[in-house]
Amino acid sequence: MSDSSPLPPVRLHPEAELARDALSTPLLSRAALLARWAGPGTRVDPGGQLVEEQLAAAAEALGLAGDDAAAEASEAWRLAMDTGLVEVVDEQADTVATGEDLALLTGGSPHDVLAVWLGALESVIADAAVPDLDALIDVMDEGGAVDFSKLDWDPEAEAEFLDGVLGNLYLLTASEDGPGDAPVPLPALAASMIIPGDMDEPTNDVLEQVSDAMMRLDEQFRLLDPIGLVVYQPVDEALLGDLDVDGDAEGDVEEGPGEAAVEGTGAGTGAVAEEPVVPVDEADVSRYGMVRLTPLGLYGLRARLLESGFAAPAVGDLADKGADALFDGSAGYGPRAALAETEQWLARREPLAAAQELLAAARGSDPGAPLRRLRCQQALSLLGAQAEPAVRTVLDDAELGGLARVWLSELGATDIPAPSEDLVFWLTIDTLAAQLAAEGNSEELQALVEGLAQQHSGFFAAAWRVDHPATPDVLEAMGRLHPDKRIAKEARKAAFKARSQQGG
C-alpha cells in the first residue's frame, strides 16, 4: 500500500477527552510525577539516567513496590528526559531541573498535552523496537558501540516491522466493516506481516516465523500498553514454555501458536495489509494474546501516519471546507462515515445557505458528478423542509431537475412538475452511475438493475440514446450484473451503441 492510498476515515474522540486519557496513562503520569519530584539533589549519570542509589527514592515517590519498582521508576525517568519534562542543567555536576514541557501538562491546552504525549509515544515505540538490553551489552565493543552483525538484529527492519503491525491494527480499527474496537488476536497481527496473501497453506517454516513474531510482539505490546496506545492481554504464561526465545517449537510446529490462529489470515510482508483477516471461532485464541487500539492510540497512530505521508482522514476534517471539498473528500468514504461527515458539515451552516451551496457543487459532467449528486440528495434529506426554497430553484436545471423532483416527492410535496421521459432516463443513468461509484458491483445494485430491466421491457432500446457521459459505463455494468444471459447481452449491445454514439 502506497503512502498516497487513503485509509478509511476514523472517528476521533474530542481533544479534551483524549488529553485527559493521555494524562492518566501510567507511563506519562509517572514521568510527570518524577519531573515534579526532581530537585537540586537529584543526580543523573552521563546518559541522563537516575543514578542507582536514587532509584529507590524515585520508586517510593511513585508509590511503587516490589521487584520491578526500580526498573519501572527508571523507565518513567527515561521518558521524562526524552519528552523534556526534566532536563540536565549542570553537566559537570549531573544535576537536573524541571523542563519547560512540564508546564504544558498542567496549564497547556488539550492540543499541547497531546503534543507531549505524542513525543512520549515516539520514545516508547522506539524503545519497543530495541532488543533486550542484556543482548545489547553482550555485543558492545570496548568503545561502547553496538556491533549489530553479532546481534543478528537490523534496527531499520525491526522498526519497519513494528510500524507495519501498528498500521494493520490501525486499519482494522478504522475500517467501517472491520471489527472496529474489538480486540485483535496477536497471531492475526503476526500472520498479517509474515504470511503472503497468495499462500493457501502456510509451511512449517512460515509458521515458525509467525510464532517468533508473536513472541516479539508480546514483548513490544507489553511496553506499549502503559503509554495508552493499546490495551493488551499478554500471551498466557503457560504457553510460553512451548516456545524458546528464538520462536522454535519444542514439539510439532503445527501444534504451536503459529498454527493456532493463522487460518485464513493473509497479508503482504512488511507493509500495511489491505485486508488483514482476523481469525474467529478459536475457543482459546485469547490465550495467545489480544490487543485493542485505544481511542488515544487511534489518535496517535493517525498522527504518525500523517507525518509519514499517508492520507489518513478523520471524520470532521471537511467540516470547515466548501461543499465541493465535502463531496470530493468523502467520495471514498463508507455510508456511515459519509453521513457523519455531512452531519458535521451541516451543523456549522445555516440550512438554506447550505442547501444552495450543496446544489451548486453537485453540478458537473465529470466522472465524479453522479456521486456528488447522490451525496447532495442525502445531505438535503438531513436538512428537511428548510432546504425546499433552494431545491425549487433548480427544478428546470438539466442536471439537478431530476434530483429536485425526487427530493420534493420524498418531502411530501404535491405540486411537482411532471418530468419528461428524457429526464427520467437521464436520472436513471445518473443514479446508477452514482451507485456504481459508491458501492461497486454490490448486491443492492444488482437488485436495482434486475428491477429496472423487469419493469421496462424496452429500457435498453431507449437507454443507449441518453445524453449522459456515464451511459456506456452504466450499460456495461448492467450487462455484467444481470444474471439473465439474454438481458445481459442486450445491455452490452446497448453499451456498444452508446459508446459509438459518444465517439468512444
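This is a predicted model: local features need pLDDT of at least 70, side-chain atom pairs count only at pLDDT 80 or more; totals for chains, interfaces and linings use all residues.
**Entry 1. Whole chain.**
I began with the overall tally. The chain holds 25 helices and 5 strands. I then looked up burial, and 45% of the 504 residues count as buried. For the contacts I took pairs of residues at least 6 apart in sequence, and 68% of these join residues at least 24 apart.

**Entry 2. H4 and H6.**
I turned to helix H4, residues 69–82, and helix H6, residues 110–128. Their axes come within 9 Å and cross at roughly 125°. I wrote the pair down as oblique, because an angle between 115 and 145 degrees is neither roughly perpendicular nor roughly antiparallel. The crossing of H4 past H6 is right-handed.
I listed the residues that touch. H4 brings Arg78, Leu79 and Asp82, and H6 brings Ala120, Ser123, Val124 and Asp127. By class, the residues of this contact of H4 with H6 come to 3 nonpolar, 1 polar and 3 charged.

**Entry 3. H9 and H10.**
Next I looked up helix H9, residues 155–174, against helix H10, residues 186–194. The axes come within 10 Å, with a crossing angle of roughly 120°. That angle makes H9 oblique to H10. I noted a right-handed crossing for H9 past H10.
From H9, the contact uses Phe161, Gly164, Val165, Asn168, Leu169 and Leu172. I reminded myself that an α-helix has 3.6 residues a turn, so residues three or four places apart point the same way. From H10, Leu189, Ser192, Met193 and Ile194 take part. I sorted the residues of the contact of H9 with H10 into 7 nonpolar and 3 polar, with no charged residue.

**Entry 4. H22.**
Last, I checked the length of helix H22, residues 443–455. At 1.5 Å a residue, its 13 residues should span 18 Å.
Which residues of H22 are buried? I found Leu445, Val449, Gly451, Leu452 and Ala453. I then asked which helices the buried residues of H22 pack against. The partners are helix H21 (421–439), helix H23 (459–463), helix H24 (471–481) and helix H25 (485–501).

Key:
Residues are numbered from 1 along each chain as its sequence is written. Side-chain values use heavy atoms; hydrogens and water are left out. Axes are lines fitted to C-alpha atoms, for helices over the stretch in contact, and angles run from 0 to 180 degrees between N-to-C directions. Helices (H or I, at least four residues) and strands (E, at least two) are DSSP runs, numbered from the N terminus. Angles under 35 degrees count as roughly parallel, over 145 as roughly antiparallel, 65 to 115 as roughly perpendicular and the rest as oblique. A crossing is left-handed if the near helix is turned anticlockwise from the far one by less than a right angle, and right-handed if clockwise. Contact means heavy atoms within 4.5 Å. Ala, Val, Leu, Ile, Met, Phe, Trp, Tyr, Cys and Pro count as nonpolar, Asp, Glu, Lys and Arg as charged, and the others, Gly among them, as polar. The expected span of a helix is 1.5 Å times one less than its number of residues. Buried means under 20% relative accessible area, exposed over 50%, partly exposed in between (1.4 Å probe, protein chains only).
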